Amino acid sequence: MISAPRASLLGPAGLVFLVIVAVAGIAVPILNLAMPPASPLHVPDYVMTLAGKYLCYALLALSVDLVWGYCGILSLGHGAFFALGGYAMGMYLMRQIGSRGVYGNPDLPDFMVFLNWQELPWYWHGFEYFPFAMLMVLLVPGVFAFIFGWFAFRARVTGVYLSIITQAMTFALLLAFFRNDMGFGGNNGLTDFKDILGFSVQAQETRAVLFFLSAMALAGGFLISRIIVASKLGRIIVAIRDAESRTRFLGYRVEHYKLFVFTVSAMMAGVAGALYVPQVGIINPSEFSPGNSIEAVIWAAFGGRGTLWGAALGAVVVNLAKSFFTGALPEAWLFILGGLFIVVTLFLPKGLAGLFRLVRLRRVKPQDDSENFKIAVAE
Amino acid sequence: MAFFRLLAVLAALCLSAVSAMAQNMDALVDALAKGNFKEREAAIAKLADTGDPAVVPVLEALSAGDLYVRPADGRVFIARKQGSVMILTAPLTGESAGEAQKGEIDKIKVNNALRRTIAQVLSGFALFNSDPTRRREAVQLALKTGDPSVLPGLEKALAKENVADIAVLLKDAIAAATLKSDSSEEEKLKAIETLSARTDRDTASLLAAFASTAEEPLKAAALAAVAKIERALATWDMLQNVWYGISLGSVLLLAAIGLAVTFGVMGVINMAHGEMVMLGAYTTYVVQQIFRTQFPEAFGLSIIVALPAAFIVAGLVGILIERSVIRFLYGRALETLLATWGISLILQQAVRTTFGASNREVGTPDWMSGSIELTGGLAITMNRLVIVIFAALVFTAILLAIRYTSFGLQMRAVTQNRPMANAMGIRSSYVDALTFGLGSGIAGLAGVALSQIDNVSPNLGQGYIIDSFLVVVFGGAGNLWGTLVGALTLGITNKFLEPYAGAVLGKIIILVAVILFIQKRPRGLFALKGRWVDA
């Protein structure tokens, strides 16, 4: 089969996905800024902010799909990496407040003044510089995932045991960030942000740029993931998912591959968190709650795991439903979310992407089974 | 202070003539009605100095505002309202003294300062009170203050005391008072020795205060006694921590044991396990509501009735979940994890919709409340004790059931080798359903126990699920002894870390420690061995 290298890298669905994300990333900010509010084409501010949030969730779901859908690692800790990236960004934004806080202290964030701290803790230094903070957005979740993964994969902790210890890790971080003396604002977290790189975080233009950046990050994350899974390395990763012991016996250092995917995926989750924080304006320890991580897993499962674009789609669809139901029928939302977990695992193991695939198969003769759509059940 | 003056005088008082006193007493009581608050306080002190227990009801009535004076003749009565008239009784004798119209008598006013004085006087009388509890309290007060002026009173009380533990307390109180009195050095040394046998902080600080002013060799003896008491206290502190640890461990054991059964036998991660615990707690609430409305007099039995009810409710829900969802997911552990998480969300919301989001009030029966006091300030609360015993009983029962019943045999067979068990004619799907029911039922029992010590809210289960998983993972799935060791280890370690690291940091340390432990032994302390293990 001869095809252009680009097409084999992305596949038709991936291409469509990239185009949609790119168009949305450019069109929504323009429609928000350029169209007068009365115009039917105008995108209201709140819609753009909400959609920006969904894009961050989509990137998180994508990162979960990379480790779970392709490598079979069910991480219940990606919400924690998301939050770590968010805290790194939050620390930069806190430092930008300067003397405009309630207590007007030029060096210390308000909560530290409140706690009678005299000087900035050492780990807060450097966060006043944007490039350093951005580096930390990648490094903190990355290094954390690397160390955690190094211990876990080397000891061959697999399957549900791994899921449970990632959940325990998330829970430990949740408890840790709730403590005031950790120096991350305790219960209240970091909030009251003023500006980012000199632009007000509240301003419409800043929000438009953040939306654009979120779309670009999602597209970038998708491309990186595609490059990984389409390479020879990606084949080995899928092999690990399907038959870990056999891959090991063939001479591959399974733990190295797992560690690589896990770390890359954690960094992607961190970027998603960093983009999320300026758009919602707050980061607090509840982002670490184990429920959030599991919810991210169900986004990926609902969209269709092992497809990447499906995971992103799942995140957007589930969160649209969440926004709708928590407003219209707050009592019903947990029933629906719970039911979704059950229905997806019982009846939709391939998710929405699997449904599309079914529809397409009915129309086209079922002969070419490109690797992209061959979703074996993990384990 | 009136209290001490009273005790000092008590000994001398016995000599007074009885009949002369009776008249005096009446005059003293009548004096209460005269003058301002200051004079009234003096009158109370005089009454107290008589040492006659008959003044107790008078003072109590005065404090409660039931003491009245008849301005016509200046006599004082205890008066209680009955209909439109006041019934009068003679204050000292308690005999009836007719009735009076409201306008004929005036209330004797008291203020808070007077009430305090009265309370002190009454506590002095309490040394000779017929109620042992009151006597004990009075002696404890005397021991704490160690005032030498009460010595004669204490010695007199000791001579009359027939309750053993109060007598011991009295001896200690006498020793404490001796230290501050002008007794000989020899007596004081003896007193220090008596006190050094006590293990409580008050005595230690009493001795330390004494040591700071005393001279050698008393100083050295007192310091040695303080050191001895502190050593004993440290030991008791450790025992206290061990007890708290066992108590926490037994709660963890109850929550985790059902999980160990389902995880061990079926390899199923049941994220809804915490909600089974919650259902058990709500069943307790419902049972108690029925008892409150139908049989309020048998409320003490409600917990006993709640046990089988919770077992059945949670067990049936468990079987329902297994038959409707989990059986389609065998061999796909990660999917099971997600589906059961979904079930837990649904159960939480269902309970929230039915019972409301706020905490429900679950009562504690009388036989489970209160506490047992041990020496050294160690108090064992009854409900904790009952839960520890209950956890031990449940654990033993499960162990025996798995070991000796035919169902247990089938369970073990399926755990060890499912295809072979099938080949031997065991219907493993039945075993699965019943095992899941059993695990959930035990969670329901845990819920009954937890309803006694935790808030019964829809989030009850969430608080225990991660801890229970850690216990099972730490102890090793498929082995109940592992669960026991895991629960107690985590419980006791947690309680020992708490004083140094604080509750939250202690918990974080435990979590990190377990995560690291898993690296060394990925399948827990008591891992199953064999080729069927590697899923």
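This is a predicted model: local features need pLDDT of at least 70, side-chain atom pairs count only at pLDDT 80 or more; totals for chains, interfaces and linings use all residues.
How many strands form the open sheet of chain B, and in what order? Five strands do, in the order S4-S3-S2-S1-S5. Residues are numbered from 1 along each chain as its sequence is written, while chains are lettered from A and ligands numbered from 1 in the order in which they are written.

**View 1. The open sheet of chain B is antiparallel in its pairing.** The edge strands are S4 and S5 (106–107) of chain B, and each pairs on one side only. Strands here are DSSP E runs of at least two residues, helices are H or I runs of at least four, and both are numbered from the N terminus. Two strands count as paired if DSSP finds at least two bridges between them. Strand S1 (residues 67–70) of chain B is joined to S2(B) by four bridges, and the two run antiparallel. Look for Val69(B), whose bridge partner in S2(B) is Val76(B).

**View 2. Strand S3 (residues 85–89) of chain B takes part in two hairpins.** On one side, S3(B) pairs with S2 (residues 75–82) of chain B in the antiparallel sense over five bridges. Gln82(B) has Val85(B) as its bridge partner. Two residues lie between S2(B) and S3(B), and Gly83(B) in that turn has a positive phi of about 65°. S3(B) also pairs with S4 (residues 96–100) of chain B, again in the antiparallel sense, over three bridges. Here Ile87(B) has Glu99(B) as its bridge partner. Six residues lie between S3(B) and S4(B), and Gly94(B) in the turn has a positive phi of about 80°.

**View 3. Strand S3 of chain B has a covered face and an uncovered face.** Met86(B) and Leu88(B) make up the covered face. Turn to the uncovered face and you will find Val85(B), Ile87(B) and Thr89(B).

**View 4. Helices H11 (residues 218–266) and H18 (residues 428–450) of chain B pack with their axes 8 Å apart.** The angle between them is about 170°, which makes H11(B) roughly antiparallel to H18(B). Axes are lines fitted to C-alpha atoms, for helices over the stretch in contact, and angles run from 0 to 180 degrees between N-to-C directions; those under 35 degrees count as roughly parallel, over 145 as roughly antiparallel, 65 to 115 as roughly perpendicular and the rest as oblique. Residues are in contact if their C-beta atoms, placed from the backbone, lie within 7 Å. Among the residues that meet are Val251(B), Leu254(B) and Ile257(B) in H11(B), and Phe436(B), Leu438(B) and Ile442(B) in H18(B). By class, this contact has 16 nonpolar, five polar and one charged residues. Ala, Val, Leu, Ile, Met, Phe, Trp, Tyr, Cys and Pro count as nonpolar, Asp, Glu, Lys and Arg as charged, and the others, Gly among them, as polar.

**View 5. Chains A and B meet in a contact that takes 39 residues from chain A and 34 residues from chain B.** On the chain A side, the elements giving two or more residues are helices H6 (159–178), H11 (290–303) and H13 (330–347) of chain A. H6(A) gives the most, with 14 residues. By class, the side of chain A that touches chain B has 29 nonpolar, six polar and four charged residues.

Technical notes. A residue is buried if 20 or more other C-beta atoms lie within 10 Å of its own, exposed if 12 or fewer, and partly exposed in between; C-beta atoms are placed from the backbone. Two residues are in contact if their C-beta atoms, placed from the backbone, lie within 7 Å.
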